[in-house]
Amino acid sequence: MAKLTEKHNYEGTLVCVEGIDGSGKSTQLALLRDWLKASGKDVIYTEWNSSPLISQTTKLAKKKNMLSPRTFSLLHAVDFADRLKQIIAPALKAGFIVLADRYAFTAFARDVARGVDPKWVRQVYDFAIRPDLTIYFDIDPKTSIERICFNRTPKFYEAGMDLKLSNDPFESYLIFQTRVVNEYKKMIKEFDIVKLDANDSIHSKQVKIRKMLNKILADKGVE
Amino acid sequence: MKKFKTKHGYEGLLIVIEGTDGSGKSTQLELLKCSLQDQSYGVMVSEWKTSRLIADVIDDAKERNLLNATTYSLLYAADFADRLENQIIPALKSGFIVLLDRYYYTALARDVVRGQNIEWVKNLYDYAPEPDLVFYLDMPVAVLLKRIIGTTGLDFYESGRDVGFSTDFYKSFEIYQNKCLEQYEKMKKLYGFINIDGTKTIPQIHKIMNKEVQKILDTGILN
């Protein structure tokens, strides 16, 4: 766990948002991006499972329900490694503010909730760069499912149906995502993560985030 | 005779053939498979990088030069995990003799030559069952070069061109394969490889392998 716990020396700034689906993290990141762009900063945005190398394969495999927890974990690691080396690291070197919708912590939370060894998965992501700011949006799984599944059934893997926790996708979702949330909570101290209450208003969360980021940028000497 | 105990605890036998490209692994695997089937044993063969899910992604990514050392390692690890959990372990559990063309030793050799930390790579494969027999086909680089040039021709990754040792194919192949051999050399003792001189004739090599396998079968382990 060398890199994830050590400060990086790049000129740029890495900001990550974490939390289960429906916790409002993408909304907050979009607001942050628009604000940073409007104030003339160099910003790029990258999201979980989006690398051209592997994301389509992973999505297809998920549709066919053919992934074991270990393969699931490694495929997401491929995606992450690809984006880290091709997008995130170069942008940080060039002094950009990099906004990441989910980061290695997503893998730590989900994979461990699937029964993968916590040490193993942390070691797999050993090459990850430590973010300057990681915000975790805390929401209880019941509220989360009400937000994202008001008109659909939870998907196979998001409900953790591969773990055979329950035959009912809604019930399975609650059990599985509760595990995920517990893993996130364990990481708050381990990785110096800032927890925000997802139930707060969009405005109040955004005010807090901008304040934290401004301080980080000021400390770095970025105007 | 004392009953042989498998190293992995499953009912079947796990037998691996290792060696660099062009060392004659597939030929020997085929011969061994036939001779075991002739004796009415159930045999399952699995080759490196053949998972339905990931093998094509690797080929395509190689074709388009999309891989860096980390994604290279992780993709192969994902391929391995998929085959291990979907083919190899189920076959071992049902009492098959599983013959493998390459095992994680290949990854250890190749990834370390590509600059990865060996402990990191070991961790990727640390859940893999220990084979009951590992045959290593030892071939000098000069012979390998002739074989490869005479058959498939020099390939970009097999020549380690991605690592940047030399832009000359011949030179790069020589350096890369020599470095891989160094890694195999270190693993021989550590993992108890049965070292076979790869320059022997095909029947001679087959005889050696058969004898070793027969020793285990004679204990009545699969009866």
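Q: Before we start, what makes two residues count as "in contact" here?
A: Two residues are in contact if their C-beta atoms, placed from the backbone, lie within 7 Å. Keep in mind that this is a predicted model.

Q: OK. How many residues of chain A are in contact with chain B, and with how many there?
A: On chain A there are 20 residues in contact with 19 residues of chain B.

Q: Which elements of chain A give two or more residues to that side?
A: Helix H2 (55–63), helix H3 (69–93) and helix H5 (118–124) of chain A each give two or more. H3(A) has the largest share, with nine residues.

Q: And how many of the residues on that side of chain A are nonpolar, polar or charged?
A: The side of chain A that touches chain B has 12 nonpolar residues, four polar and four charged.

Q: Switching to chain B. At what angle do H1 and H8 cross?
A: Helix H1 (residues 25–38) and helix H8 (residues 202–217) of chain B cross at roughly 50°, and their axes come within 10 Å.

Q: Why give both an angle and a distance?
A: Because two packed helices are described by the angle between their axes and the distance between the axes.

Q: Left-handed or right-handed crossing?
A: The crossing of H1(B) and H8(B) is right-handed.

Q: Which residues make the contact?
A: From H1(B) they are Thr27(B), Gln28(B), Leu31(B), Leu32(B) and Ser35(B). H8(B) supplies Ile202(B), Ile205(B), His206(B), Met209(B), Asn210(B) and Val213(B). By class, the contact of H1(B) with H8(B) has six nonpolar residues, five polar and no charged.

Q: New topic: what about phi of Asn65(A)?
A: Asn65(A) has a positive phi of about 55°, and it is not a glycine. Most residues other than glycine have a negative phi.

Q: Where is Asn65(A)?
A: Asn65(A) is in the loop between H2 and H3 of chain A.

Q: Is Asn65(A) buried or exposed, and why?
A: Exposed, because Asn65(A) has 10 other C-beta atoms within 10 Å, and 12 or fewer counts as exposed.

Q: What about Asn65(B)?
A: Phi of Asn65(B) is near 55°, again a positive value. Asn65(B) is in the loop between helix H2 (55–63) and helix H3 (69–93) of chain B. Asn65(B) counts as exposed, with 11 C-beta neighbours inside 10 Å.

Methods
Residues are numbered from 1 along each chain as its sequence is written. Chains are lettered from A and ligands numbered from 1 in the order in which they are written. This is a predicted model: local features need pLDDT of at least 70, side-chain atom pairs count only at pLDDT 80 or more; totals for chains, interfaces and linings use all residues. Axes are lines fitted to C-alpha atoms, for helices over the stretch in contact, and angles run from 0 to 180 degrees between N-to-C directions. Helices (H or I, at least four residues) and strands (E, at least two) are DSSP runs, numbered from the N terminus. A crossing is left-handed if the near helix is turned anticlockwise from the far one by less than a right angle, and right-handed if clockwise. Ala, Val, Leu, Ile, Met, Phe, Trp, Tyr, Cys and Pro count as nonpolar, Asp, Glu, Lys and Arg as charged, and the others, Gly among them, as polar. A residue is buried if 20 or more other C-beta atoms lie within 10 Å of its own, exposed if 12 or fewer, and partly exposed in between; C-beta atoms are placed from the backbone.
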